[in-house]
Amino acid sequence: MTPRIDRNDVYKLQPTLVKALGSLGEAAGQVIEASLVHLLHLRISQLNGCAFCLHMHAAEARHDGEQQQRLDVLAAWQETHFFSARERAALRWAEALTLLASQQVSDEVYTELTAQFSQQEIVNLSAVIVTMNAWNRIAVGFQFQPQQNKD
């Protein structure tokens, strides 16, 4: 197999990429609570199969006080009572936008979202989702690998 471009080289070859995605994600994340942004980053990364982003964002979520129990069941969030109505609406929106190529966004999903979020929050949630999907595609495409802890 042909070796992929090294992670650091990706950003050197296109430095605007990091700045643009970083700025968008940061700006959108300022409107949405950090705990929800962490959940969105993780759920989107689960859907996209991005081990690098899962590793990084799970560590960030734990560092910011997220409960391990909630992280453990995030892939099956619909089956638990661990997530608030607001979190559930955002997770459903994230799944709908992430899986857009294979399914339509239903009116039901959007109605659920509008019951929990303002218009400004919906736009910013969408920007968080778009940004995370972009990061996932870069990390998966170039096969970025998480650093394994040496315990």
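Trainee: Let's start with helix pairs. At what angle do α2 and α8 pack, and how far apart are their axes?

Mentor: Bear in mind that this model is predicted. Helix α2, residues 15–29, packs on helix α8, residues 119–141, at about 150 degrees, and their axes lie 8 Å apart. Angles over 145 degrees count as roughly antiparallel, so α2 and α8 are roughly antiparallel to each other. Their crossing is left-handed.

Trainee: Which residues of α2 and α8 meet?

Mentor: From α2 you have L17, V18, L21, G22, L24, G25, A27, A28 and G29. They meet N124, A127, V128, T131, A134, W135 and I138 of α8. By class, that contact has 11 nonpolar residues, five polar and no charged.

Trainee: I see L17, L21, L24 and A28 in that list. Why would residues spaced like that point the same way?

Mentor: The general idea is that an α-helix has 3.6 residues a turn, so residues three or four places apart point the same way. Keep that in mind when you look at the contact list for α2, with L17, L21, L24 and A28 among its members.

Trainee: What about α3 and α8: at roughly what angle do they cross?

Mentor: Roughly 40 degrees, with the axes coming within 9 Å. That makes α3 oblique to α8, and the crossing is right-handed. On the α3 side, L36, V37, L40, H41, I44, S45 and N48 take part. Their partners in α8 are L125, V128, I129, M132, N133, N136, R137 and V140. The tally for this contact is nine nonpolar, five polar and one charged.

Trainee: And how do α3 and α4 pack?

Mentor: The angle is about 160 degrees and the axes are 9 Å apart, which makes α3 roughly antiparallel to α4. Here the crossing is left-handed. H38, H41, L42, S45 and Q46 of α3 meet C53, L54, H57, A58, E60 and A61 of α4. This contact has five nonpolar, five polar and one charged residues.

Trainee: Staying with α4, what span should its 13 residues have, and does the model agree or disagree?

Mentor: At 1.5 Å a residue, α4 (residues 51–63) should span 18 Å. Its end C-alpha atoms are 18 Å apart, which agrees.

Trainee: Which α4 residues are buried, and what do they pack against?

Mentor: F52, C53, H57, A58 and A61 are buried. The buried residues of α4 pack against α1 (7–13), α3 (34–48), α5 (68–72) and α8.

Trainee: One last thing: how far is Q69 from V123?

Mentor: Q69 and V123 are 54 residues apart along the chain, and their C-alpha atoms are separated by 29 Å.

Key: Residues are numbered from 1 along each chain as its sequence is written. This is a predicted model: local features need pLDDT of at least 70, side-chain atom pairs count only at pLDDT 80 or more; totals for chains, interfaces and linings use all residues. Side-chain values use heavy atoms; hydrogens and water are left out. Axes are lines fitted to C-alpha atoms, for helices over the stretch in contact, and angles run from 0 to 180 degrees between N-to-C directions. Helices (H or I, at least four residues) and strands (E, at least two) are DSSP runs, numbered from the N terminus. Angles under 35 degrees count as roughly parallel, over 145 as roughly antiparallel, 65 to 115 as roughly perpendicular and the rest as oblique. A crossing is left-handed if the near helix is turned anticlockwise from the far one by less than a right angle, and right-handed if clockwise. Contact means heavy atoms within 4.5 Å. Ala, Val, Leu, Ile, Met, Phe, Trp, Tyr, Cys and Pro count as nonpolar, Asp, Glu, Lys and Arg as charged, and the others, Gly among them, as polar. The expected span of a helix is 1.5 Å times one less than its number of residues. Buried means under 20% relative accessible area, exposed over 50%, partly exposed in between (1.4 Å probe, protein chains only).
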